[in-house]
Amino acid sequence: VLFSRHGGDPEAIHEELVERLERLGSSPAQLRAVRALVGRPRRPVTVAGVRFPGRVGVAAGLDKDGRAARAWASLGFGFAELGTVTALKQPGNDSPRLFRLVASRAIINRMGFNNAGARALADRLYGLGVKRGEATLGIPIGISLGKSKVVPLERAVADYTTSFRMLAPYSDYVAVNVSSPNTPGLRSLQDRGALRDLVT
């Protein structure tokens, strides 16, 4: 349905999907019905002290701003990794920035960490009553952190830790994203010294 409504435009499909899941999350009755249809996560596992009710979760990039956070558990996922989020709100790269490779059944993502910023995500999770370690939404919540594009590399650690401090109370685990090719210079943070400074 979404594919035909948007002529196959992957970004338009993504946006409407998140919007529909956000609306679903605001209806407890519908969430219960979906959970009854889809079933529950299976094969729980505990990793680093975090109990995951299932081993398959939502990857970062799908729900950057946590808009659909209440829906993921009812769809059977064992966790949701929100983001990638940056300390500063940013629009991401110019469109078009998401491309379908029909023959390869693949998508190229050049979104560029478009998100509403760490404060907006923290406020949303606070409003949902999310607290680290309490599985408020039925599953662990992870958060992927990235560097704000306008922040120079020499201030990257401060940028990441700004996001971390805002979001730590709501995240069961944190992923540090230093792999995106869409933020200039970001991959240089994979160098041993830079990565040691960031993780420390």
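This is a predicted model: local features need pLDDT of at least 70, side-chain atom pairs count only at pLDDT 80 or more; totals for chains, interfaces and linings use all residues.
**Strands S6 and S7**

S6 spans residues 141–145, and S7 spans residues 173–176. The two strands run parallel and share four bridges. Serine 144 has alanine 175 in S7 as its bridge partner. Between S6 and S7 the chain passes through helix H5, residues 156–167. This β-α-β crossover is right-handed.

**The nonpolar core**

How many residues make up the largest nonpolar core? There are 33. Ile143, Tyr160 and Leu167 have the most contacts inside this core. The elements below each give two or more residues to the core, as do S6 and H5.

| Element | Residues |
|---|---|
| Helix H2 | 10–25 |
| Helix H3 | 28–38 |
| Strand S3 | 80–85 |
| Helix H4 | 118–127 |

Nonpolar side chains tend to be buried together in soluble globular proteins.

Neighbours within four places in sequence are left aside here. Isoleucine 143 then contacts Glu81, Leu82 and Val85, and also Leu121, Leu125 and Leu167.

**Histidine 14**

Histidine 14 is found in helix H2. Is histidine 14 buried or exposed? It counts as buried, because its relative accessibility is 15% and the cut-off for buried is under 20%. Leaving aside neighbours within four places in sequence, histidine 14 is in contact with Gly61 and Leu62. Phenylalanine 3 lies 11 residues away from histidine 14 along the chain. The C-alpha atoms of histidine 14 and phenylalanine 3 are 9.8 Å apart.

Conventions
Residues are numbered from 1 along each chain as its sequence is written. Side-chain values use heavy atoms; hydrogens and water are left out. Two strands pair if DSSP finds at least two bridges between them. A crossover is right-handed if, with the strands pointing away from the viewer, the path from the first strand over the helix to the second runs clockwise. A nonpolar core is a set of buried Ala, Val, Leu, Ile, Met, Phe, Trp, Tyr and Cys residues joined through side-chain atoms within 4.5 Å. Buried means under 20% relative accessible area, exposed over 50%, partly exposed in between (1.4 Å probe, protein chains only). Contact means heavy atoms within 4.5 Å.
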